[in-house]
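Reader: Can you walk me through this one? I'd like the salt bridges and then the interface.

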Amino acid sequence: MGTQYQDRTMAIPEIHPEHKEYWDAAAEGKLLIKQCDSCGEYHYYPRVLCPYCMTEKTTWKEANGTGSIYTYSVMRRGVSYAIAFVELDEGPKMMTNIVDCDLDTVHINQKVKVVFKQSGDEDNPGSFVPCFTPA
Amino acid sequence: MSIKGLAYIAGAFEHPLRKAPNKSVAALHAECAKGALEDAGLAFADVDGYFCAGDAPGGVLSMVDYLGLNVRHVDGTDTGGSSYIAHVSHAAHAIAAGKCNVALITMAGRPRSEGRSGVKQKIVGANVPDTPFELPFGPTAVNEYAMATMRHMHEYGTTSEQLAWVKVAASHHARHNSNAMLRDLVTVQDVLESPIIADPLHKLDCCVVSDGGGALVVVKPEIAKSLKRPLVRVMGCGEAPKGLLGGKTDLTYTGAIWSGPRAFEEAGVTPQDIKYASIYDSFTITVLMQLEDLGFCEKGEGGKFVADGNLISGVGKLPINTDGGGLNNNHPASRGGIIKVIEAVRQLRGEAHPQVQVKNCDIALAHGTGGGLASRHGSATLIMERV
Ligand SMILES: [Zn+2]
């Protein structure tokens with residue numbers, strides 16, 4: 001029973017110049033987030049200006065890669081998948097998918113850890129993107 | 001500058017079709033424009049301001065050319081389904097500033113004929129900053145609103161039964177609208193027994209996918225008073241885009257918490273003064289959250305507020321969407337904001353269906369939420385008065 005996770009063709013993200021480090025790290029299984037050198041706040045998705053104090057002085061930091069589910073929804077049309085927002089230990093929430101588990105057991109406040117899945121398909125492989133699985 | 005009383009809505013038209021396989025989107029815009037101008041008693045030659053959003057093929061330039069307009073003010077603001085409510089505000093400002101005297105707003109589309117729906121992945125153009133970090137995860141209209149629903153349920157105890165009452169109210173009203181796409185009365189049980197599309201939203205929590213459109217004509221006071229239609233005056237407007245706040249994301253409220261107070265302050269009224277409200281109903285949750293955020297009830301009390309028929313005209317305290325709304329009547333181009341203003345105008349004129357007409361309807365509100373509740377959306381609030 002349950003709704004086991006199935007691999008799904010994920011849209012290939014467009015690589016913008018200022019995100020090269022992010023995608024290179026993702027290919028090595030690392031989740032990078034931006035921290036502001038001025039106000040100290042982390043933000044996500046990464047920008048060239050801190051969205052809180054607008055300084056251009058921001059630094060890539062490797063996230064712990066763990067957090068908890070803020071909210072989610074399992075799509076019941078077509079191939080089921082669980083879209084979610086995960087709140088990282090560092091604070092920011094990020095849109096993601098919950099993978100490699102029974103999707104019927106996903107719940108708010110569940111502890112999760114990052115796992116990378118490759119976007120695109122065999123014929124047209126894309127970047128690895130950060131998904132989460134129960135910790 | 002306050003726009004209170006400086007512009008009037010003189011013409012309103014909702015296209016009667018809900019399926020239009022044999023008409024182009026531009027043709028639907030033109031038919032809506034003609035309908036609204038005829039309703040006002042004005043001609044195309046009177047129009048000197050034109051407003052449209054992302055549904056308009058070719059944008060402002062193609063549409064002005066296609067419609068043969070000779071205008072001195074244009075505005076192509078696009079905030080999704082809330083655009084047209086913002087357009088009324090922008091038109092009022094332009095009129096107050098002397099930039100135009102007769103503003104035409106059109107919208108139309110045919111997602112039904114083109115096979116689009118809210119479970120399909122969004123298509124977004126190149127270079128949009130957020131899409132690399134979202135599109136791989138399959139955001140759609142329905143699962144975005146579903147995530148907001150899930151969190152609202154978690155924080156406030158909102159239930160699927162309470163949400164179902166929003167659909168029940170819409171179905172009560174749609175029975176009296178011969179153009180409505182869905183006219184059958186449904187019960188709370190019917191909603192709960194309809195299939196889940198994306199947890200926790202059922203099929204009957206979702207709006208219709210319809211072809212069609214609508215148009216509005218906003219004019220300066222002297223022109224409105226020279227026409228033969230009942231006078232509907234713009235009292236106040238508010239706008240607010242809301243996004244993911246750099247990761248300080250909170251999906252339990254909408255931009256209405258900002259646009260609502262701005263509109264109420266400009267109008268000089270409170271939620272208690274509103275006799276009728278058009279509340280954007282892309283999904284049942286949209287209504288519930290907007291009612292809280294606009295101040296019709298306390299935050300978190302939306303579930304109790306919408307239950308037990310409270311939104312049904314003649315039954316409850318706050319009649320909403322008496323045309324059947326997006327849930328039952330019409331959601332053309334998957335953008336319902338213009339229909340929200342049109343039904344409010346009908347109510348203020350006393351031209352709603354007699355079975356749903358609100359008695360002594362002197363002040364009405366139209367509010368739109370356009371875009372995604374779990375990404376970025378535009379909020380627009382408009383308060384109008386019959387004089
Ligand atoms: Zn900063």
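Reader: In helix H12 of chain B, what separates B:Arg346 and B:Glu343?
Author: About one helical turn, because B:Arg346 and B:Glu343 are three residues apart in helix H12 of chain B. Helices are DSSP runs of H or I with at least four residues, strands are runs of E with at least two, and both are numbered from the N terminus. The pair forms a salt bridge, with the closest N and O atoms 2.5 Å apart. A salt bridge here is a side-chain nitrogen of Lys or Arg within 4 Å of a carboxyl oxygen of Asp or Glu.

Reader: Before I go on, where do these values come from?
Author: This is a predicted model, in which local features need pLDDT of at least 70 and side-chain atom pairs count only at pLDDT 80 or more, while totals for chains, interfaces and linings use all residues. Side-chain values use heavy atoms, with hydrogens and water left out; residues are numbered from 1 along each chain as its sequence is written, and chains are lettered from A and ligands numbered from 1 in the order in which they are written.

Reader: Ok. B:Glu343, buried or exposed?
Author: B:Glu343 is buried, at a relative accessible area of 3%. B:Arg346 is partly exposed at 21%. The cut-offs are under 20% for buried, over 50% for exposed and partly exposed in between, with a 1.4 Å probe and protein chains only.

Reader: Which residues are linked with that pair in a network?
Author: B:Glu14, B:Arg18, B:Glu343 and B:Arg346 are linked in a network of salt bridges.

Reader: What else is in H12 of chain B?
Author: B:Ile338, for one; the helix covers residues 337-349. B:Ile338 is buried, with a relative accessible area of 0%. Beyond neighbours within four places in sequence, B:Ile338 has contacts (heavy atoms within 4.5 Å) that include B:Tyr84, B:Met107 and B:Leu216.

Reader: How much area is buried between chain B and chain A?
Author: About 3300 Å², with carbon and sulfur atoms giving 61% of it. That is the accessible area (1.4 Å probe) that two parts lose on being put together, summed over both. In chain B, B:Phe133, B:Phe137 and B:Met147 lose the most area to chain A, together 25% of what that side buries.

Reader: How many residues are in contact?
Author: 40 residues of chain B are in contact with 41 residues of chain A.

Reader: Switching topic: how many of the residues of helix H9 of chain B are buried?
Author: 10 of the 10, residues 284-293, so H9 is largely enclosed by the rest of the structure. Among them are B:Leu288, B:Gln290 and B:Glu292. Just after H9, B:Gly295 takes a positive phi of about 95°.

Reader: Last one: what is the secondary structure of chain A?
Author: Chain A has one helix and eight strands.
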